[in-house]
Amino acid sequence: MFRGSMVALVTPMLDDESIDFAALEKLIEFHIASGTDAIVAVGTTGESATLDMQEHCAVVRFVVDKVNKRIPVIAGTGANSTTEAIELTQCAKEAGADACLLVTPYYNKPTQEGLYLHYKKVAETVDIPQILYNVPGRTACDLLPQTVIRLAQVPNIIGIKEATGDLSRIAQIKAGVSDDFDLYTGDDATAVDFILAGGHGGISVTANVAPKRVHDVYMAALQGQADEAKALDAPLAALHRDLFVEANPIPVKWALAEMGLIGKTIRLPLTVLSEAYRPTVRAAMQEAGIA
C-alpha cells in the first residue's frame, strides 16, 4: 500500500513538555514540500512511550487533519498491553489514519504464539490496515519470520517494518507471503540494500533531517538503480550512524533544534543530547550538506 520514504516523525515539545502543535504543523509542511512519501506519527521516534493516551490520540488526529490526505499517515499504535494496543488502534482509525504501525510488545517478552495471538486480536478487532514492527534491540522481543508469515494470512495485516538490519530476513519472509505483503526497513544504514533486495521502502529516522535526500535514495533503489541509490546515500552514512550515538530520538531532536525546526525539549527519562556528542552529530549533518 505504501512505498518510498516514510518519516518516523518526532513529536516537538514546548519548554513545559506539552506538545508543540505549531512546530508539528511546520514539520508536516516541511516533509510534504520535501517529497516525503508518508508520515508515521507517534512511533518510537515520536516518543510514544512517554505520551499518555489522550496526547497520543491528539497528535494522530492533528497530523491526519493537517496532512489532509496529501500523503498517507500511519499511526504508531503498538503497546505491550494488547488491550491498550486495541484502544490506540481504534483511536487512529477514528482519526482517519491510513494505517497503523504496531511495535512488538516490549518488556514482557511474549512467546511467538503470544505475539501471533496479540497481533491477530488487534487486527480482528479494529478494521484498519496494520503493519507489524520488529525492533528487538529496543523491545527485547524478536518477531521471527515464521510468525510474520503466519500473521500475513490475517486480512488487514499488510506488511512489516523489519528493523533488525538482518537482510537475510527479506528472503525468508518473501518466500512465505503473497506479493502484496509489504516489507519496510527500519534500519537507515542498510535501507538501500534492503530495498534492492525486494523491500518496498523504509520508515526512517534520518528522513527527519534530510527528507528530500532520503526520498531520492529510496526512489532510486525502488527503480533498481543501485549505483545511483548508493551514491546518493553515501553522504548520509554518518547521519545513519550518528543519529544513534544516544538513544533515539535524542540525537535527531537535537539536530532538528539546530536546524531551527523545533525546540530542544525531550521528555524524561530521555535527556537532551550530551555535549560530548554534539560535535559528532553536527559533523554528520555537515557531511550530509544540512548544516
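## Enclosed cavities

The second largest cavity has a volume of about 40 Å³. A cavity is a set of points, on a 1 Å grid over the protein atoms alone, where a 1.4 Å probe fits but cannot get out; grid points are joined across faces, edges and corners, and a volume is the space filled by probe spheres set on the points. The residues lining the second largest cavity are Ile250, Lys253, Trp254, Lys264, Ile266, Thr271, Val272 and Leu273, where a lining residue has an atom within 4 Å of a point. By class, this lining holds five nonpolar, one polar and two charged residues. Ala, Val, Leu, Ile, Met, Phe, Trp, Tyr, Cys and Pro count as nonpolar, Asp, Glu, Lys and Arg as charged, and the others, Gly among them, as polar.

The model is a predicted one, in which local features need pLDDT of at least 70 and side-chain atom pairs count only at pLDDT 80 or more, while totals for chains, interfaces and linings use all residues. Residues are numbered from 1 along each chain as its sequence is written, and side-chain values use heavy atoms, with hydrogens and water left out.

Two cavities of 30 Å³ or more are counted. The largest cavity has a volume of about 50 Å³, and its lining consists of Ala8, Val40, Gly43, Thr44, Thr45, Leu101, Tyr133, Lys161 and Ile203. Five of these lining residues are nonpolar, three are polar and one is charged.

## Open pockets

A pocket is an open set of grid points with protein on both sides within 12 Å along at least five of seven lines. Helices α2 and α3, strand β4 (99-103) and helix α5 (136-139) each supply at least two residues of the lining of the largest pocket; helices (H or I, at least four residues) and strands (E, at least two) are DSSP runs, numbered from the N terminus. The lining of the largest pocket comprises 13 nonpolar, 10 polar and five charged residues.

The second largest pocket holds about 310 Å³ of space. Among its 21 lining residues, Val135, Arg138, Ala163, Gly186 and Phe244 are the closest to its centre. Helix α5 gives the most to this lining, with three residues. The class division of the lining of the second largest pocket is nine nonpolar, seven polar and five charged.

## Cysteines

The model has one disulfide, defined as a pair of cysteine sulfur atoms within 2.5 Å. This disulfide joins Cys57 to Cys91, with an S to S distance of 2.2 Å. The pair links distant parts of the chain, 34 residues apart, with Cys57 in helix α2 (residues 53-67) and Cys91 in helix α3 (residues 82-95). Cys57 is buried at 9% relative accessibility, and Cys91 is buried at 11%. Buried means under 20% relative accessible area, exposed over 50%, and partly exposed in between (1.4 Å probe, protein chains only).

Cys100 is in no disulfide, and the nearest cysteine sulfur, that of Cys91, is 9.0 Å away. Cys100 is buried, with 0% relative accessibility. Cys141 is likewise in no disulfide; the nearest cysteine sulfur, that of Cys100, lies 19 Å away. Cys141 is buried at 5% relative accessibility.

## Helix α4

Helix α4 (residues 112-125) has 14 residues and reaches 20 Å from its first C-alpha to its last, close to the 20 Å expected at 1.5 Å a residue. The expected span is 1.5 Å times one less than the number of residues. The buried residues of α4 are Leu115, Tyr116, His118, Tyr119, Val122 and Ala123. Seen down the axis of α4, these buried residues fall within an arc of 165 degrees, so they line one face of the helix; the arc is that of the directions from the helix axis to the C-beta atoms.

## Backbone features

A cis peptide bond joins Asn248 and Pro249, with omega about 10 degrees. Pro249 is in the loop between α11 (237-242) and α12 (250-258). Another cis peptide bond joins Leu268 and Pro269, with omega about 15 degrees, and Pro269 is placed in the loop between α12 and α13 (278-287).

Asn68, although not a glycine, has a positive phi of about 55 degrees. Asn68 lies in the loop between α2 and β3 (73-76) and is exposed, with a relative accessible area of 55%. Lys69 lies in the loop between α2 and β3, and its phi is near 70 degrees, a positive value in a residue other than glycine. Lys69 is exposed, with a relative accessible area of 76%.
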